[in-house]
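The following paragraphs lead the reader through a structure, beginning with the architecture of one chain. Please keep the sequence and the coordinates at hand while reading.

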Amino acid sequence: MSATAALAAPRLARAADSKILRFVPQANLANLDPIWTTQYVVRNASLLMWDTLYGVNDKLEPQPQMVEGHEVSPDFKTWTFKLRPGLKFHDNEPVLAKDVVASINRWMPRDAPMGLPIKKRIDALEALDDRTFRFRLNQPYSKLLFALGKSSSPCLFIMPERMALTDPFKQITEYIGSGPMRFKRDEWIPGSKAVFERFDGYIPRDEKASWLAGGKRMHFDRIEWQILPDAATASAALQNNEVDWVETPSSDLIPLLRKSPGVAVDIADPLGNIGSFRINHLQPPFNDVRARRAVQIALSQEDYMRAVAGDDETLWKTLPGFFTPDTPLYTEVGGEPLKGKRDYALAKKLLAEAGYKNEPIVLLVATDVAITKAEGDVTADLLKRIGMNVQYMALDWGTVGQRRAKKEPPAEGGWNIFHTWHAGADCVNPAPYTALDASGDTAWFGWPKSDLVQAKIAEWYAAPDFAAEKTAIDGLNKAAMDDVVYIPTGFFKFYQAWRTSLSGIVKAPFPVFWDVTKA
Amino acid sequence: MLAYAARRVLATIPVVLFVALFVFSLLYIAPGDPAAIIAGDQATPDDVERIRASLGLDRPFLIRFGEWLWHVLNGDLGTSIFTNLPVAHMIAQRIEPTTSLMILTLILSLSCAIPMGVVAAWKHGTWIDRLVMTTAVFGYSTPVFVIGYLLAYLFALKLDWLPVQGFTSISQGLFPFLRNLILPAVALGLVYMALIARITRATMLDVLSQDYVRTAKAKGVAQNGILFVHALKNAAVPIVTIVGIGFAALIGGAVVTESVFAIPGLGRLTVDAILRRDYPVIQGVVLMFSCVYVLVNLGVDLLYTLFDPRIRY
């Protein structure tokens with residue numbers, strides 16, 4: 001009862017308070033362990049609560065955050081880092097190197113794309129003194145700083161040692177942070193509200209903030225996350241000045257919000273998202289590359305994007321490549337199969353050559369997620385057009401999440417196709433890009449296997465300079481297109497909306513609360 | 001009657017046990033996997049499997065059911081897979097908003113529906129009767145969420161009288177409490193009001209044609225006395241029955257209403273838990289709702305004796 005009473009504070013009094021930010025997140029914050037779960041809503045809340053050793057700025061460059069600096073040996077195998085002085089946890093205990101070591105050890109096994117490769121290379125990870133820790137690697141890992149500061153989930157958040165010693169596959173039981181805001185566990189009502197209050201012991205860096213880098217200066221005493229699962233309600237609450245900021249308003253309601261006085265609307269994440277047509281490479285007919293290419297040359301990204309993001313063409317574009325547009329490594333080399341007029345006749349011919357004989361194609365569609373529902377509907381139509389026998393499985397996301405892990409034939413509970421999307425921040429280079437891994441059994445769902453793709457990824461890791469990286473990425477893009485690791489269905493963005501009384505809102509792959517002020 | 005009530009309460013135990021077994025079995029065979037949701041979209045199949053094992057979801061059905069039942073019998077509804085909070089605590093957090101919504105809905109619905117039904121029966125065949133029945137048909141056939149959006153648009157966005165969403169505890173004052181709850185209660189209550197108004201009208205029509213009503217009129221009893229003292233009391237048994245049956249509809253409607261008006265109640269807790277496959281929470285909430293429903297039915301049965309002394313238990 002007391003928690004419910006805490007939920008209910010005088011609304012009008014709060015609306016006028018410039019020290020309280022009322023934020024509507026993209027989803028319910030059901031827990032707060034950013035290592036145990038990789039959900040983005042948890043990552044976003046954790047960015048308030050915990051700090052990171054490095055942080056990427058808006059140019060995707062890792063910048064020192066909790067560390068003062070580092071030294072690296074000439075062979076790039078020994079990395080020594082020193083923490084900034086004065087760092088404190090929310091229980092006012094100092095942040096020590098042993099806390100960092102424990103946090104890294106908990107993070108590595110849960111971060112398949114970057115943490116695990118580092119773990120495999122480690123000879124020793126040790127705290128040298130209270131502020132210094134060292135990696136000793138048995139082979140160089142050129143992307144170490146990016147891994148320590150990346151924004152994709154799971155991020156390497158620094159927790160007290162006693163928390164970080166928790167099995168990474170089990171949930172932590174206390175929430176002691178190292179970031180600018182403290183979690184108010186006593187006010188937490190999962191599914192309704194989460195409250196963060198400013199931690200006065202946090203010392204921001206001197207530099208100007210840029211995404212996860214620089215000084216994270218908080219101008220609010222409290223940030224209240226209000227969970228509003230209904231998009232129309234969230235939109236109405238923003239119009240009625242009951243909330244200040246909606247992270248992902250429904251695209252359908254954007255025209256209405258644009259006309260509303262006191263409401264501003266803009267793109268949320270400039271890195272956007274890449275739609276994904278995920279194919280099971282283990283099962284016929286898509287275990288034959290000709291069948292995968294048949295779909296690839298028939299697929300119209302414009303159809304997908306109009307279904308996903310509507311007719312507002314500022315929100316989407318076609319994408320003849322795997323990497324995030326407008327980022328340094330973006331390339332269209334090898335992207336021809338996704339360009340130009342779609343060729344159903346050739347698709348049918350390729351399917352026949354692959355030996356397809358009208359077997360049911362099991363298409364898993366998460367109908368409770370608007371994006372996957374839209375993608376699934378377009379796919380069902382596309383497959384019918386090229387003469388495939390579609391078995392449309394309308395499921396919820398929880399069930400798709402379970403069933404996509406099955407490697408059995410579709411008739412025995414497996415699958416052929418499902419849809420998802422990848423955050424553009426995860427697709428800027430091969431390191432965090434799980435979906436592009438083509439290592440077969442150990443790859444992401446669909447289990448693509450291509451030695452050439454893997455060789456190109458390795459070439460990128462070993463690249464000595466940007467030009468070499470670019471060459472590797474061109475080759476990787478073409479190899480992944482040729483093998484049809486998966487089919488990008490286009491690039492799209494979401495909007496965010498806020499009251500014009502707020503200033504300092506920036507475009508980023510996550511909500512950036514620092515430097516936001518309220519009139 | 002006390003012995004009867006005690007027997008009925010005891011009889012709820014096998015019912016609740018059956019519900020528990022049914023829900024547990026249903027969740028066991030239903031597709032979906034909380035481990036996949038926890039692991040997130042980018043997780044590897046191996047990660048998902050390790051999380052499933054750490055949650056004990058890979059153990060046999062009977063062991064899981066037996067453990068859960070033992071804990072329930074010891075007063076422990078378990079711990080949420082996702083929030084790591086005790087299920088009883090999560091239910092306690094949500095009980096006030098839902099109870100408040102239900103009680104206010106009941107008060108509003110009954111205070112409107114019964115007079116409407118009585119008047120419609122009294123003015124049978126007139127424009128008043130048609131107006132009441134048209135309103136009832138509209139209320140019964142319009143989805144709760146449509147009513148909810150329309151009310152929010154009019155009273156919050158256009159007139160700026162009431163908030164769009166949220167809940168204020170009654171401990172913060174009656175006015176703020178009602179200010180938040182009035183729109184959801186009206187939205188939810190409309191269907192309930194329609195149901196009761198129709199039953200009241202039909203039952204009253206039957207009662208008003210009885211001989212004793214004619215006798216009361218002949219004796220010069222005032223119209224209000226005939227309607228609300230003599231006739232309504234005799235029409236009460238079917239009305240009370242439908243109030244009880246409608247309670248289940250009210251629980252279902254609360255799920256939608258709580259989502260539309262962002263009320264942190266048990267309905268939303270249930271939906272969130274189902275979408276995430278948070279098994280302990282689903283089991284705890286369903287168990288609680290089934291107990292409440294059984295008790296409401298018991299209450300309805302006991303009320304029969306109040307309205308009709310011929311009924312004995």
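In this predicted model, chain B reads α-α-α-α-α-α-α-α-α-α-α-α along its sequence. Chain B has 313 residues, of which 41% count as buried. Among the contacts in chain B with a separation of 6 or more, 72% are between residues 24 or more positions apart.

One helix pair of chain B may be examined in detail. Two packed helices are described by the angle between their axes and the distance between the axes. For helix 6 (residues 127–141) of chain B and helix 8 (residues 174–208) of chain B, the angle is about 135° and the axes are 7 Å apart. On the side of helix 6 of chain B, the contact involves Val132(B), Ala136(B), Gly139(B) and Tyr140(B). Helix 8 of chain B contributes Leu190(B), Val191(B), Met193(B), Ala194(B), Leu195(B), Ala197(B) and Arg198(B). Classified by residue type, this contact between helix 6 of chain B and helix 8 of chain B holds 9 nonpolar, 1 polar and 1 charged residues.

Chain B also meets chain A, in a contact that draws 52 residues from chain B and 50 residues from chain A. On the side of chain B that touches chain A, two or more residues each come from helix 2 (34–39), helix 3 (45–54), helix 5 (87–122), helix 7 (144–158), helix 10 (223–260) and helix 11 (266–276) of chain B. Helix 3 of chain B supplies the largest share of that side, 6 residues. By class, the residues on the side of chain B that touches chain A are 28 nonpolar, 15 polar and 9 charged.

Attention now passes to the strands of chain A. Strands of a sheet pair through backbone hydrogen bonds, either parallel or antiparallel. Chain A contains an open sheet of 4 strands in the order 4-5-7-6, with antiparallel pairing. Strand 4 (67–72) and strand 6 (122–127) of chain A are the edges; each has a single partner strand, so one side of each is left without a neighbour in the sheet. From one strand to the next, the twist averages 15°. Strand 6 of chain A is joined to strand 7 (residues 132–137) of chain A by 5 bridges in the antiparallel sense, and Leu125(A) has Phe135(A), in strand 7 of chain A, as its bridge partner. Helix 4 (residues 97–107) of chain A lies across strand 5 (78–83), strand 6 and strand 7 of chain A, and runs at about 145° to strand 6 of chain A.

A parallel pairing is found elsewhere in chain A: strand 15 (residues 360–366) and strand 16 (residues 389–395) of chain A pair over 7 bridges. Val365(A) stands opposite Ala394(A) in strand 16 of chain A. Strand 15 of chain A is mostly covered, with 6 of its 7 residues buried.

Helix 10 (residues 289–298) of chain A is likewise mostly covered, since 8 of its 10 residues are buried. Among them are Arg292(A), Arg293(A) and Gln296(A), together with Ala291(A) and Val295(A). The buried residues of helix 10 of chain A pack against strand 13 (273–279), helix 12 (344–353), helix 13 (370–385) and strand 18 (487–492) of chain A.

Key
Residues numbered from 1 in each chain as written. Chains lettered and ligands numbered in written order. Predicted model: local features only at pLDDT ≥ 70, side-chain atom pairs only at ≥ 80, totals over all residues. Axes fitted to C-alpha atoms, helices over the stretch in contact; angles between N-to-C directions. Contact = placed C-beta atoms within 7 Å. Nonpolar A, V, L, I, M, F, W, Y, C, P; charged D, E, K, R; others polar. Pairing = 2+ DSSP bridges. Buried ≥ 20, exposed ≤ 12 C-beta atoms within 10 Å, placed from the backbone.
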